[in-house]
Amino acid sequence: MASQITTGKDVLSYCTKCKLNLSHTIVAMKDEKSIAKVVCNTCKSTHSYKDPSSSNANKTRTKSTAGTTKKTGVSKVVSISDLWMEKLNKTTSKSQPYTTDHKYREGDVIDHTKFGPGIVQNVKATTMEVVFRHEIKTLVHNKPS
Ligand SMILES: [Zn+2]
């Protein structure tokens, strides 16, 4: 298939003014196969046709870096609800209503009126950490009544 090169057609040429390979319109032909003059579609200057492949400007190729950026190094985040689920699955304790004067032990399951079921950990003399579904709270226990 013969590519049609005639006046009025667009062709890629090196523009001497823009210093870039740009789309040009052919204004004059040397013969049937070679272009004599072109008009730069960008700066509208008329100059002789310059083969874009023979110019240095063509060497700077734009690398496509779009789209394929992989998300790496995402550390495995254990959410509180995962921790809660894990602890709840492990424990054999029956849930008991939470009261401040009761003494709890690690692994106890409490049923908090506001936060729901939680698993006791890090028990201290009068405070303890409780893992609830969405948060870890420090609660009072073993409070002398
Ligand atoms: Zn130009």
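Tutor: What follows starts with the ground rules and the chain as a whole, goes on to the core, and ends with the other sheet.

The model is predicted, so local features are given only where pLDDT is at least 70 and side-chain atom pairs count only at pLDDT 80 or more, while totals for chains, interfaces and linings use all residues. Numbering starts from 1 along each chain as its sequence is written.

The chain has one helix and nine strands. Both are DSSP runs numbered from the N terminus, with helices being H or I of at least four residues and strands being E of at least two. Their order along the sequence is β-β-β-β-α-β-β-β-β-β. Of the 145 residues, 14% are buried. A residue is buried if 20 or more other C-beta atoms lie within 10 Å of its own, exposed if 12 or fewer, and partly exposed in between, with C-beta atoms placed from the backbone. Among contacts with a separation of 6 or more, 30% link residues 24 or more positions apart. A contact here means that two C-beta atoms, placed from the backbone, lie within 7 Å.

Now the core. A nonpolar core is a set of buried Ala, Val, Leu, Ile, Met, Phe, Trp, Tyr and Cys residues joined through C-beta atoms within 7 Å. The largest one has nine residues: Trp84, Tyr98, Tyr104, Ile110, Ile119, Val120, Met128, Val130 and Val131. Strand 7 (116-121) and strand 8 (127-131) are the elements that give two or more residues to this core, and strand 8 has the largest share, with three. In soluble globular proteins, nonpolar side chains tend to be buried together.

Strand 7 and strand 8 pair in the antiparallel sense over three bridges; pairing requires that DSSP find at least two bridges between two strands.

On to the next pairing: strand 8 runs antiparallel to strand 9 (residues 136-140), joined by five bridges. Val130 stands opposite Lys137 in strand 9. The hairpin from strand 8 to strand 9 passes through four residues.

Val131 has contacts beyond its neighbours within four places in sequence: Ile80, Leu83, Trp84, Lys87, Gly118, Ile119, Gln121 and Ile136.

His112 lies in strand 6 (residues 109-112). His112 counts as partly exposed because it has 15 C-beta neighbours inside 10 Å. The C-alpha atoms of His112 and Pro97 are 6.3 Å apart, although the two residues are 15 apart in sequence.

As background, four strands form an open antiparallel sheet in the order 1-2-3-4. Strand 1 (10-15) and strand 4 (46-48) are at the edges with a single partner strand each, so one side of each has no neighbour in the sheet. Strand 1 and strand 2 are joined by six bridges, including one from Ser13 to Leu22. In their hairpin, with four residues between the strands, Lys19 takes a positive phi near 60°. Strand 2 (residues 20-29) pairs with strand 3 (residues 35-40) over five bridges, and Ile26 has Val38 as its bridge partner.
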